[in-house]
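Please read it with the structure open.

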Amino acid sequence: MDAEKTAHGPFWTWLDQRVGLAEIQKLARKKEIPVHRHTVWYYLGGMTLFLFAVQVGTGILLLFYYRPSAEEAYESVQFLMAEVEFGWLIRSVHAWAANLMVFTLFVHLFSVLLLKAYRPPRELTWVSGVVLMGLAMGFGFTGYLLPWNELAYFATKVGTEITGAVPVMGRFLLRLLRGGDEVTGATLTRFYGIHVAVLPALTTLVVGLHLFLVQRHGMSTPLGVARAPRRVMPFVPNFLLRDIVGWLVALAILAVLAAFMPAELGKKADPFAAAPIGIKPEWYFMFMFQTLKYLPAHIAGIEGEILGIVGFGLGGLFLLLMPFLDRRAARGEPSPLFTAIGVVIIAYILLLTYLGYTASATK
Ligand code: HEM
């Protein structure tokens with residue numbers, strides 16, 4: 001007891017007796033990161049977590065000024081950008097970090113996929129991850145409408161229209177999302193509630209589960225390097241300090257992006273105005289949007305759009321169930337078919353996103 005007191009000081013000992021610091025310390029010391037040629041991918045989850053924390057912090061600050069009604073939303077954002085000290089910075093960091101977070105999420109997901117880190121016993125880590133991907137996209141979709149500007153208004157109109165084409169439940173989903181038949185102030189209030197309460201609560205829960213599982217199973221070693229002599233690095237402090245360097249670089253990038261390309265506001269939404277040309281969803285929805293554009297009106301008597309939506313639904317389900325379908329990886333054998341599927345999905349997303357921007361730029 002006395003030895004502990006001198007090693008850590010009386011405050012540490014006091015707190016340890018109350019919250020069990022020594023146990024937490026033991027847990028932190030036990031955590032190790034495998035070192036091999038793919039170690040770099042282990043930074044992506046932590047980077048996503050950091051960007052999520054930035055979103056929560058800047059989001060709370062935005063809440064102090066934002067007003068969630070069709071009459072005041074646009075003006076409150078305008079006031080924030082022009083009058084509130086550093087308001088433009090907070091809003092721009094929130095907008096850029098959202099994009100970066102979705103980007104790091106995509107990279108995290110696909111690196112985990114290609115390294116087959118979803119192998120048993122990490123199936124539920126993967127499943128919780130796919131759910132987080134869906135939640136992140138929900139954040140993007142609902143947040144986009146909140147400034148109540150022209151582009152966001154019409155993008156939401158188109159986006160919710162697509163939901164309306166979902167078989168059987170489409171009409172119900174459309175009305176549920178819009179809070180009526182049209183995109184109105186009711187939609188804004190709904191999206192606001194989802195964006196600032198429902199999604200943060202769900203995401204916090206699922207991130208908690210995800211991190212618990214990561215902690216419980218430790219980091220996986222990819223099959224290809226599992227046979228080599230095992231080298232590890234302690235998580236605290238070696239890997240964590242490297243994580244922090246990454247986070248500081250991310251902060252610097254965010255600051256540069258926000259300063260040189262601050263978030264725009266555009267014109268206030270006018271439901272009676274004609275839709276502006278070149279309505280675009282956010283880049284991470286672009287591959288789906290562009291696919292729906294390319295589909296013919298009817299395929300084998302069924303509406304092309306409906307087939308497309310069902311196709312993406314099934315694709316999402318396939319992704320969710322991947323650890324249970326990839327039986328070879330589950331047995332610890334290489335599974336080139338699933339690697340190929342992963343590569344094809346990445347190539348498809350990149351190509352359709354590229355076409356989404358270049359094709360609409362020429363119109
Ligand atoms: C808000 C979203 C997410 C956060 C904050 C997050 C966070 C993390 C963290 C901190 C780790 C440990 C370090 C690492 O491997 O990078 C991790 C591991 C993991 N994540 Fe995520 N993640 C998220 C989304 C996802 C998604 C979308 C997937 C895939 C569908 C996924 C699947 C996994 C798996 C399977 C592991 C274990 C990797 C291994 O043991 O090698 N996560 N995640």
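1. Basis. This is a predicted model, in which local features need pLDDT of at least 70, side-chain atom pairs count only at pLDDT 80 or more, and totals for chains, interfaces and linings use all residues. Residues are numbered from 1 along each chain as its sequence is written, and side-chain values use heavy atoms, with hydrogens and water left out.

2. Overall chain. The protein chain has 16 helices and four strands. Helices (H or I, at least four residues) and strands (E, at least two) are DSSP runs, numbered from the N terminus. The C-alpha trace spans about 75 × 55 × 35 Å along its principal axes. Of the 363 residues, 39% count as buried. Buried means under 20% relative accessible area, exposed over 50%, and partly exposed in between (1.4 Å probe, protein chains only).

3. Iron site. Two histidines coordinate the iron atom of the ligand: His 108 and His 210, each through NE2, at 2.0 to 2.2 Å. His 108 sits in helix H6 (residues 87-114) and His 210 in helix H10 (residues 185-217), so the pair links distant parts of the chain, 102 residues apart. Donors are N, O and S atoms within 2.8 Å of the metal (3.2 Å for Na, K and Ca); water is not among the atoms, so sites may look incomplete.

4. Geometry. The site is octahedral, with angles of 86 to 179 degrees among its six donor atoms. Six donors count as octahedral if opposite donors are over 155 degrees apart and all others between 65 and 115. His 210 is buried, at a relative accessible area of 13%.

5. Ligand shell. The ligand is surrounded by 23 residues, where near means a heavy atom within 4 Å. The closest are Gly 45, His 108, Gly 129, His 210 and Ser 220. Helix H4 (43-63), H6, helix H7 (123-145) and H10 each supply at least two residues. H7 gives the most, with five. By class, the shell has 13 nonpolar, nine polar and one charged residues. Here Ala, Val, Leu, Ile, Met, Phe, Trp, Tyr, Cys and Pro count as nonpolar, Asp, Glu, Lys and Arg as charged, and the others, Gly among them, as polar.

6. A polar side-chain atom of Ser 220 lies 2.6 Å from an oxygen atom of the ligand. For Gly 45, a backbone N or O atom is 2.9 Å from an oxygen atom of the ligand. Arg 122 places a side-chain N or O atom 3.3 Å from an oxygen atom of the ligand.

7. Cis peptides. Please check two bonds. The peptide bond from Pro 120 to Pro 121 is cis, with omega near 5 degrees, and Pro 121 lies in the loop between H6 and H7. Val 236 and Pro 237 are also joined by a cis peptide bond, with omega about 0 degrees. Pro 237 lies in helix H12 (residues 235-260).

8. Positive phi. Phe 86 is not a glycine, yet has a positive phi of about 65 degrees. Phe 86 lies in the loop between helix H5 (73-82) and H6 and is exposed at 52% relative accessibility. Val 168, not a glycine either, has a positive phi of about 65 degrees. Val 168 lies in the loop between helix H8 (150-164) and helix H9 (170-178), and is exposed at 85%.

Definitions and conventions. Four donors count as tetrahedral if all angles lie between 85 and 135 degrees; four count as square planar and six as octahedral if opposite donors are over 155 degrees apart and all others between 65 and 115; anything else is irregular. A polar contact is a pair of N or O atoms within 3.5 Å; within protein, one must be able to donate a hydrogen and the other to accept it, and residues adjacent in sequence count only if both atoms are side-chain atoms.
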